[in-house]
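Open the model in your viewer, keep the selection panel at hand, and follow the stops below in order. At each stop you will be told what to select next and what is there.

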Amino acid sequence: MKSDIHPDYHEINVIMTDGTTFKTRSCMGKEGDTLRLDIDPKSHPAWTGVQRIVDTGGQIAKFNKKFAGIGVRKG
């Protein structure tokens with residue numbers, strides 16, 4: 001195998017949507033960085049069976065504003 005071609009594999013902190021934390025190993029960021037999840041198995045509809053809308057960046061509002069007039073006839 002070639003040397004120095006693999007990314008650094010280190011320990012990071014993961015924060016779930018309910019605030020619980022755990023440590024895991026990853027290539028993301030640097031040693032000790034934090035990964036905050038927006039969706040995880042405790043909140044995702046595929047695992048919970050409950051449908052809810054998660055609008056993290058105002059994307060739904062932006063879409064509605066952009067396309068609000070489509071389909072409306074002006075008389």
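If you trace the protein chain along its sequence, the pattern is β-β-β-α-α.

Before going further, note that this is a predicted model, in which local features need pLDDT of at least 70 and side-chain atom pairs count only at pLDDT 80 or more, while totals for chains, interfaces and linings use all residues. Residues are numbered from 1 along each chain as its sequence is written, and side-chain values use heavy atoms, with hydrogens and water left out.

**The whole surface**

Now switch to a surface view: the accessible surface of the protein chain comes to about 6700 Å², and 54% of that belongs to carbon and sulfur atoms. Such areas come from the Shrake-Rupley method with a 1.4 Å probe, and for residues only the protein chains shown count as cover. Of the 75 residues in the protein chain, 11% count as buried, where buried means under 20% relative accessible area, exposed means over 50%, and partly exposed lies in between (1.4 Å probe, protein chains only). A contact means heavy atoms within 4.5 Å, and among the contacts of the protein chain with a separation of 6 or more, residues 24 or more positions apart account for 7%.

Select H10, which has its place in strand 1 (residues 10-15). Is H10 buried or exposed? H10 counts as buried because its relative accessible area is 2%. Leaving aside neighbours within four places in sequence, H10 is in contact with T24, R25, S26, C27, M28, G29, K30 and E31.

Step to Y9, in the segment before strand 1, which is partly exposed because its relative accessibility is 47%. Y9 and C27 are 18 residues apart in sequence, yet their C-alpha atoms are 4.8 Å apart in space. Not counting residues up to four places away in sequence, Y9 touches R25, S26 and C27.

Next select S26, in strand 2 (residues 21-26), whose side chain reaches the backbone nitrogen of M28 at 2.9 Å. Beyond residues up to four places away in sequence, S26 touches D8, Y9, H10 and I12.

**Two loops**

Move to T20, in the loop between strand 1 and strand 2, which counts as partly exposed because its relative accessible area is 34%. The side chain of T20 makes a polar contact with the side chain of D18 (2.9 Å), and, not counting residues up to four places away in sequence, T20 touches V14, I15 and K42.

Then select I39, in the loop between strand 3 (34-36) and helix 1 (45-48). The C-alpha atoms of I39 and T17, 22 residues apart along the chain, are separated by 6.6 Å. Apart from neighbours within four places in sequence, I39 is in contact with T17 and H44.

**The aromatic pair**

Rings of Phe, Tyr and Trp (its six-membered ring) pair if their centres lie within 6.5 Å, and planes under 30 degrees apart count as stacked, over 60 as edge-to-face and the rest as tilted. By this rule the count comes to one aromatic pair: F63 and F67 form a tilted pair, 4.9 Å centre to centre, with 50° between the planes. F67 counts as partly exposed because its relative accessibility is 35%.

Terms used:
Helices (H or I, at least four residues) and strands (E, at least two) are DSSP runs, numbered from the N terminus. A polar contact is a pair of N or O atoms within 3.5 Å; within protein, one must be able to donate a hydrogen and the other to accept it, and residues adjacent in sequence count only if both atoms are side-chain atoms.
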